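Please look at the structure shown here and follow it slowly, from a pair of helices to a sheet and then to charged side chains.

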Amino acid sequence: MASHIVGYPRMGPKRELKFALESFWDGKSSAEDLQKVAADLRESIWKQMTDAGIKYIPSNTFSYYDQMLDTTAMLGAVPPRYGWNGGEIGFDVYFSMARGNASVPAMEMTKWFDTNYHFIVPELGPDVNFSYASHKAVTEYKEAKALGVDTIPVLIGPVSYLLLSKPAKGVEKTFSLLSLLGKILPIYKEVISELKEAGASWIQFDEPTLVMDLESHKLEAFTEAYSELESTVSGLNVLIETYFADIPAKQYKTLTSLKGVTALGFDLVRGTKTLDLIKGEFPKGKYLFAGVVDGRNIWANDLAASLSTLEALEGTVGKDKLVVSTSCSLLHTAVDLVNETKLDKEIKSWLAFAAQKVVEVNALAKALAGEKDEEFFSANVAAHTSRKSSPRVNNEAVQKAVSTLLDSFRVDAFKHAYSAKILVYLF
């Protein structure tokens, strides 16, 4: 049974990237020093997943700042104020877009869906001259391959990239960002072609906007995009990842009908209704990347519950087409519990950071393959039982105080609502 990780934190278990970036920005270290720290972190992450037994290991999820900004660099969509004159985008332009410089401000940041992560919002308009200006995805794939790790290169999907962008300053707010789809797809084709030439057999497109309520023309853009890419991705296994919520039935129908797509990834932690859609109808012959390990919290997974979900899905998808995965990128969790030396043993047993979630994913995959680690699963049950019964979680005094506050809030809310009703009646 295969296993997969959607993405992984890049700051490092001891915040190595943070310190390297600050040193570089302060002029205390060179670009080469920063690149060395980054390369060491990537190698460590790939080795960790390999040692854990993960089959589908992502590349190009590392970033010096933000994955959407990396995509903007890949597409050469640099706002004019940064004075970029073409060629491969270097640190000067990249970090100016992210942080601003002495003469121009940074690009806007906004929340990545409902997480605490923020991304750099692309500024687009009809006059943007897109060009293939960052070969990062291909470079990192080759880097991993040279280390003996065959990864799945990850790209922000073309439609989600446009839907998460905004019209640039001076561009009409009503400008259709999706009208740029035909201009960016040729660059995606170049990237895909280079990845194929480098030996990639899989590619992952993150299209998280598919979980949003989308008008028909936006849904049609997905069909248009992947129809256009179909011939280019021929010979590759293509995974479309969605996450953070249930995927609506209309979007599910569009996604499962996309051309050239061989695998579909879903957040099955938040996506309980998505489970029903999958069980109702899943396209024959396609892979299901089942996101059953929560990528958004620090708690140990309920392995027994996840295993039960996976076993139920086997009958729908088929054993050879089911892949155990995380619900989303592990970017949103802490990195490694091993560094938390001051936590007592009980609380530590309740937790799982990114490194531990990688192990959980593979433990579930092995269990599905008939190689269940009984000791690991038993320890997991004990940890969940401990957390449920611990006075640290179930403190009667705290529960009573909360109940009193809630009762007070309800009374106040009723009074305000009643007063408002009287005012409406009077006036």
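A crossing of two helices is called left-handed if the near helix is turned anticlockwise from the far one by less than a right angle, and right-handed if clockwise. Helices (H or I, at least four residues) and strands (E, at least two) are DSSP runs, numbered from the N terminus. The model is a predicted one, in which local features need pLDDT of at least 70 and side-chain atom pairs count only at pLDDT 80 or more, while totals for chains, interfaces and linings use all residues. Residues are numbered from 1 along each chain as its sequence is written, and side-chain values use heavy atoms, with hydrogens and water left out.

The crossing of α7 and α8 is right-handed. Helix α7 (residues 181-198) packs against helix α8 (residues 216-233) at an angle of about 35°, and their axes are 10 Å apart; axes are lines fitted to C-alpha atoms, for helices over the stretch in contact, and angles run from 0 to 180 degrees between N-to-C directions. Contact means heavy atoms within 4.5 Å, and among the residues of α7 that meet α8 are Leu181, Leu185 and Ile192, while those on the α8 side include Ala221, Ala225 and Leu229.

Turning to the sheet, 8 strands form an open sheet in the order β1-β12-β11-β10-β9-β8-β6-β2, with parallel pairing, where two strands pair if DSSP finds at least two bridges between them. Because β1 (2-3) and β2 (58-59) stand at the edges, each with a single partner strand, one side of each is left without a neighbour in the sheet. Within this sheet, strand β10 (residues 263-267) runs parallel to strand β11 (residues 287-293), to which 5 bridges join it, and Leu264 stands opposite Leu288 in β11. Helix α11 (residues 303-317) packs on the sheet, where it touches β11 and β12 (322-326), and its direction makes about 170° with that of β11.

Finally, a salt bridge is a side-chain nitrogen of Lys or Arg within 4 Å of a carboxyl oxygen of Asp or Glu, and by this rule the count comes to 14 salt bridges. One of them joins Glu123 to Arg81, with the closest N and O atoms 2.9 Å apart.
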